[in-house]
Every structure is written in C-alpha cells, then in structure tokens.
Amino acid sequence: MNADMMTGNLAAAWGARLADVDYVPAFPITPQTEIVEALSVWCGNGSLNARFVTLDSEHSMMTAAGAAAATGARVFTATSSQGLLHAFEVLYTIAGWRVPLVLVNVSRALASPITLEPDHNDVLAARDSGFLQIHAETCQEVVDSILMAYRIAEDPRVCLPVMVNLDGFYLSFTREPVSLPDPKMVQAFLPPFRPTHLGFKASAPHALGTAVFGGATYSYFRHQIHLASMNALQVHEEASVEFERLCGRRYDVVEGYRLDDAEDVLIMTNAFASKGKGAVDAARAEGRRVGLLRLRMIRPWPADAIRQALQGRRAVAVLDQNLSPGQGGILFQEVAACLYHEALRPRALCSFIGGLGGKNISEGEFRAIFEQTAEAGINGQGIGPILLYTEAEHREMVQLQVLAGGLKS
Amino acid sequence: MRAVRFHGRGGQGAKTASRILGTAAFLEGFVAQDSPMYGPERRGAPVAAFTRIAQTPIRERGVIVHPDLVVIADASLMQDPAAHVPEGVDERTVVFVNSPLTAEQLQSQTSLPGRFTTLDLTGIALQQLGKRTAISALLGAVAGSLIGLGQESIREAIARELAELGLAAPMIERNQTVAAQCYETVPRVAIDVGLRRPTAPVPLRTPTYDPPTRGAASITAGPNSAIRSMAGWRTFRPVLRPDLCNGCWLCFANCPEGAITIKPDGKPAIYYPHCKGCLDCVEVCPTDALTVERETAATREA
C-alpha cells in the first residue's frame, strides 16, 4: 500500500492531481492555502499538466473556474469561509451553467467575531446554490471524495459542480496515514472529460446562463437543476460500487457506526464524527446502546437513507456545528423534515449546537449529550437547541470580558 | 494509544517535532496522527502540537486533553496562562522540559504535577549546531526516546521532515547526529499505561442574553497592546552596541512589533517589554551593531 503521512490539505491537492485537472484558478485563504500552494508547485515543476492562475479575489476565481469548465476543461479550485462567501453570487450562477467542476471548501467559522477555526456555517450557507456537497471525515476520505466528485459531477445525468468539504485544522492541518489511489486505477475510474453540452469553438459562439423572463422558462431550468441534483444519489451509489471495486474503500451517502442494536442515535458530519465514534465506543463500554450516523452527502439530501437509519429508534440527537440565528441547527431542521412522514419515527428528536468556531467537544460533553438524549427518549419529548458550552468555559469567558473591557468591570 | 503534547513558541519547532514523532511512529507501523494548533501565526507566540500513536484507528482529534507525555520547548511557557501547559497534567504524566536545570530543581520551582525529566536542548543546539532556534529535531528525538520509539525511525523521520522544510543535506545530517545524542542522554521516565478514570458528564451552561456592550465582541486598546509585555517570549535578546551603529534604521523598519524607536540622536532604542526576541533586527543589521544574548529567568524580567 502506497501510504504516507499527509494533511487533509495535501490530500485535497493530491485529489486534484490524480484527477489530472486542466485548470486551477487560485486565491489564498487560511486554512486552505496549503492546497493551492502544493498545486502551484506541481504545476510549476511539471508534475501536474495544468494551468495555474492566481486571481484578484474569490469572486473572480469562481468566475474563472466556471468559465474554464464551460470550455470543456476539468477544473479544480479551493477556498474557505469568507472566501466562499465572497464567491457566493458566482456559485449559483455557474451551477446554472451546469459545469461539473470541483470546489474544495476548508471549513472555517464566519465573521464576526473573526476566527480561523472551523464550523459549518460557511459550507452550509451554500446548500441552496445547486452545488452538490460531500463532507469528509478523514484525510483519506478527502482524496477519495474528490475523485468520486469528478465522476459524479461529470456524469450526464448530473452535470453540476461539487463542493467537497473538510474541516479547517482538524483535517486541513492534521496529518494521518493516507493511501493514494494508483493513477492507473484513477484513469479507469475517471475517464477523460468529454462533455457534450460544453466546449468552445470560435466559429460557433454560444451563450450560457442566458436571460429568461416570465417565470415559466425559469421554473423549467431551475427544476432541471433540482432533478440533476437528485440524480446524484443514484450516480453516487454507482460511483461507490466502482470505487470500492478498484480501491477497496467504500463510501455511502451516509455512514452508520454501531447502529445495529442502537436505541439512541447521534447524527454528526465531518471530522468531529471521529470523536463522536470514540464517544459511542466509550458509552457502549458502559452498556449504553448508542450509535452514530454520519451524513456524508448533504446535497442532494439523502432522505431515504436517513429515514432508514433512524426508523424505530428511541431518540435521535443532531449535533449541528453551525447556528442559524433565530432558528437553531440547520441539519436538525432537515432531519426533522424528512422524518415527518415516517411511521416509525423516533420518540424524541434532540438538537445540540456544538463545536462552533472549532470549540472542542469533550468526552464529558458527549456524555451529557447521550444522557440528555436517553432521557428525552424515555420522556417521549425532544429537546433543544442546546449549546455545548460549559460552566468552566463560561468562567474563562467572564475573565476575558473583564480584560477586554480594560479591567474596569 | 499514546498521546504526546508539545508546547513551544512560534518558530521553535514544536510543530515539526510533532511531525517527526508522527512520521517515526508511522514508519514503525503504527497509526499516527499529528496536528498543530495556533492562532494567527506569529513568531514567539505560544503554540501547541499533538501526536497520537495507536495500533487501531484513532477516534480523537485536535487538542490532547489527557497527555501521556508533555514536551515543553521553552520553560517560560510554564508560567504563561495562555499556553495552557498544566491542562490534564497529573501525577502520572511525564513532563519533559528543555532546561539547563535538573528535573529535581525544576520540580521544586513549580506546582505542576507529573514526572519531570530535562535536557538543555537550547544549549546543545547552540554548542553543536550553532543555531539559536533549531531544536525541532532534538525535541522530536527526545519525545521518541521517552515514548519508546526506535532510534532508526526517528533518524529517518528527521531526514524526511527537515528535507520537507528545505534544509540542506549536511545540516540534516548534523541534526540527526545531535538528535541521536539527545535520544541517548535524555533521562528516561517510564510512561504509565494505566487506564484513566472515565470522565463524568460536564455541566453545560446556556449563556443568557447580555446587552451588546458585553454581548458583542469588542476590546479596548489598553490591555491588548501597550501594557502587554512580551518579554517572557524571548529565548534570546538583541543588544545594541551604539558605537557600531551607523544609524541606518533598518532594525527600526524591520521590527514586526514596533519595539524599536529612534532617539533624537538618530540611533535606535529597543523597548524590551515589547521585544519578543525574533531577532529580525539582528539579521538585518549591516554593521553587526546588534548582538545576541541568551535570556535567563532573571534577565527576562529586567
């Protein structure tokens, strides 16, 4: 096995390199920068035969990415947090162009106040853009997901851009063993990009994303995007089977961990799901029948897979690493919505908000989640949203407020 | 699983040391995970790095709350509350400190529990490598020795990680040689593999509404800049010899902290409470009017 110690960022760069991309428009932002740094080195020394271009902003970067993909090039780019938001207008625009590029987002919490560490308000803000979304738990999954993302994006049943998400710091700067797929295998998995609806000929100019008025035309085209996104569930399934056949690693739209006889289920996404699995192991060792469901694909929303995993459970806790002010956890709402028509729906649905701005979720906090969720299941009444924030952390917060106020209060 | 937490100052090599340890463990067939944790990158600021070593998939990420071994690259961090050195350190934690003091001397000066061991890596680096800050390989070697990894894998890991940083082959070889000495000479303390007590559920607290004067992030300038001393960050201090100074102001222009001012006579003056000891001024001085002295606990406060 050709494995090495690798950060999530380097794994992401390898994903682009193995996919043999043609064009990389770039703009740096912490904690993503290492990805485009690695790609610029490889483009410079010829180990990746792609055009690397630095742009003046993420808005320009995404525009260049979409435009290049519209000519039929295989395009990769990456950003994070404020950068993703700066590119926001373009995300929707190029999804409508139906260009199958891959954008890696390295999650970082949004300002204000400003921070560098992750939560998912950045990537989830883009959930309605038309991009597909795959969220990775490990550095290995980052490189594998990028390869799967190209295959899914470029499938004629889909033709949509894909966002692959990894957590800043907890994956981006964290090294763990990564086994790089063999380039010959990747060639078999990912045939050359030959889109029928894209391309550029000077003799036959055409326009993408043209103006439409009256609403009906608009409705038709927007609904096509929705159908294309929904098709990705089946295409993902096929890509999973083929990827497993070639590489031996299997990725489904959701991942169950120790779910078989679980009474209560904790739902998580991204890198902290590793900690969640550790917490499940610890709780199991004490006799609690708990399990974890990790949502890997967020768009399209794998409603059937989620329903199947949750039906008949006593209680379900959704741990959102995001906060929609005035509402609560974003994924909680979506999980609740897809359980509404489920006859065997769990007795209690609990909402926890945790890991905001990269805040650690301690073993003690996981224990509190399992205890409160079990109690909610027994009572048959959901709880939340509950912020994972401890007494000890609040004492430190109060001290900081005294310092920030100039030692007056 | 073995959990090793490194504490250092930006630029000292704590992150590289954590990677040397991670790579060495990986080379020995373990599952390894290493990661740094820092804020806005800044030389001299406290940083931490973490290495986990296991035989099965690692179900932990980020900060190590219960370390088996703590490696402290700079003894001044033990007094810095921002560095969080004492977190999760108990009687069974092995604590290595880069210090000329013995373990007994150091233990008598601190309330930190744990089983101490020391070696003067900065002194060794100065003497044998002629470099003021290059102790990452030595930290990695000491950690590898204390955690029970083999010398050969440490040696190979040093080569890989320092090559990644762009060091030339002869310098890497010297680092390997000196690191091997440190690996041999660091006083070993057995790592306790006893099981930890399971943690209790922590009391959560939902914050209540505070008016924006308190509930929105803002800060007065005072405690954030002028009265904040960074003297404790220095391992070395720059010292000016006015007779050699040609008044070019390069030191003034290059100081990242604004700790150098120009006196009415046109010569620079260093304001030591704001000097973090990065020595950029020493690097740029064309007349060698700035020299370097190693700090001790006594001189740092002066």
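User: Which residue is the bridge partner of Leu132(A) in β7(A)?

Analyst: In this predicted model, Leu132(A) has Val162(A) of β7(A) as its bridge partner. Strands here are DSSP runs of E, at least two residues long, and helices are runs of H or I of at least four, numbered from the N terminus. Residues are numbered from 1 along each chain as its sequence is written, chains are lettered from A in the order in which they are written, and local features need pLDDT of at least 70, whereas totals for chains and interfaces use all residues.

User: How many bridges join β6 and β7 of chain A?

Analyst: Four bridges link β6 (residues 132-135) to β7 (residues 162-167) of chain A, and the two strands run parallel. Two strands count as paired if DSSP finds at least two bridges between them.

User: What is the strand order of the sheet?

Analyst: The open sheet of chain A has five strands in the order β4-β5-β7-β6-β12, with mixed pairing. Its edge strands, β4 (76-79) and β12 (297-299), each pair on one side only.

User: And which strands does α7 lie across?

Analyst: Helix α7 (residues 139-154) of chain A lies across β5 (102-107), β6 and β7, at about 170° to β7(A). Such angles run from 0 to 180 degrees between N-to-C directions, with axes fitted to C-alpha atoms, for helices over the stretch in contact. Contact requires C-beta atoms, placed from the backbone, within 7 Å.

User: Changing topic: how many residues of chain A are in contact with chain B?

Analyst: 40 residues of chain A are in contact with 35 of chain B.

User: Which element gives the most to that side of chain A?

Analyst: α10(A) gives the most, with seven residues.

Methods: This is a predicted model: local features need pLDDT of at least 70, side-chain atom pairs count only at pLDDT 80 or more; totals for chains, interfaces and linings use all residues. Two residues are in contact if their C-beta atoms, placed from the backbone, lie within 7 Å.
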